[in-house]
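Biologist: Got the model up. Can you walk me through how some of the pieces pair and pack?

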Amino acid sequence: MEFSDLLMNDETIFKDISVFNSDYLPENFKLRQAQMSEMALSIRPALMGGKPTNGIILGPPATGKTTAIKKLFEMAEYDCEKEIICVHVNCQLHSTKFDIFSQIHKKIFGHAPPETGVPFARIYNNIMNELYDSNKALIVALDDINYLFQGNIISTIFYDILRAYESFEGVRTGIFAVLSDIEFRYVLDKNVGSIFNANEIEFKPYSYEETFKILEERAQAGFYPTVINKELIEKISDFTYEYGDLRLGIDLLRISGNNAEIRSSRKIEEEDVDKALNSAQSVSLNYILEGLSEKEKDLLKFITRIKEKDITSGELYKLYNREHKLSYASYNRLINKLEFLRIVDTTYTGSGNKGNSRYINLRFDKKEIKKQL
């Protein structure tokens, strides 16, 4: 058989394989209705001639933050095209001031500005003059905003967006800061912090029932009927819930489907799911580690070198501080972030100051963490 013959084989168990892509927007997104309503309330003042309310969209990875914002922006622009402009910026891909304002320019004018030969001030003025002339409010969602923390570029960008009204009277702007972190305001310049008065909107991890429901709906949308049974979706849901990352479960559905097609089967069997699960831990860990800062990675590397099984947070700090001079408050923030992302587990010892001493334990295999890092 020639390669071209393989490409012409149109038999597939996938009804719509794009359903399993990371950027897929489900038609129904009911599980985050409460958070979307809160964000809608932040936008509402802009529809009445006021300024949008700033928001901090907070939650662990894969809890629906990005999907909720994209769905809300899609709905808002469809219903309120004459009043607002909504821009979603992935800061992992666009982490400089020029890149971010280029994305805003592209949304407003339909094209990005030239990368060279045009001063930033002209691009900025074009954006703000258009907002002034059209009397539209601008809402910018800065997703994965932790990528702007280094060099304090975040304060410059916030200032340029939120203080635009000082040079362009009547221009109305707001920011949704989206991050998988538990600390935020401490990285902002004091002058910026005073104007970024934001509502916090929390996205908690999905429950097991919610995890199963989402994966079942993806399977129904992505596969033809009878391709995968409920028991196998439950098996994938169990694994996904344990690792706390919905992206992993969606990938496992797709990989299981690919495994079945390799066998030329019209159904996904348990062996296809088991084969997908065998490589799942490294996939899940990779999702988490790719979003860590260098300081967080350094601490995680250090923890993998610790031989003690039960080490308290205080004992770990003493050892870590010998090599890395760091305040305990900064160290505690790093530990809380690793726990927040479910890389480490902490359990209270019942001793220490007010009984708040904690044991620190890794949730993943040390060798696998070292390999990924």
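This is a predicted model: local features need pLDDT of at least 70, side-chain atom pairs count only at pLDDT 80 or more; totals for chains, interfaces and linings use all residues.

Biologist: How many bridges join β6 to β8?

Modeller: There are 2 between β6 (residues 311-312) and β8 (residues 358-362), and the strands run antiparallel. Strands pair if DSSP finds at least two bridges between them. Strands are DSSP E runs of at least two residues, helices are H or I runs of at least four, and both are numbered from the N terminus.

Biologist: And which residue is the bridge partner of D345 in β8?

Modeller: N361. Strand β7 (residues 344-348) is joined to β8 by 5 bridges, again antiparallel.

Biologist: Switching to helices: at what angle do α4 and α5 cross?

Modeller: Roughly 40 degrees, with the axes of α4 (residues 97-109) and α5 (residues 120-134) coming within 10 Å. Axes are lines fitted to C-alpha atoms, for helices over the stretch in contact, and angles run from 0 to 180 degrees between N-to-C directions.

Biologist: Which residues in α4 meet α5?

Modeller: Among them are F98, F101 and I104, and the α5 side includes I123, I127 and L131. Contact means heavy atoms within 4.5 Å.

Biologist: What about α10 and α11, at what angle do they cross?

Modeller: α10 (residues 246-262) and α11 (residues 270-278) cross at roughly 125 degrees, their axes coming within 8 Å.

Methods
Residues are numbered from 1 along each chain as its sequence is written. Side-chain values use heavy atoms; hydrogens and water are left out.
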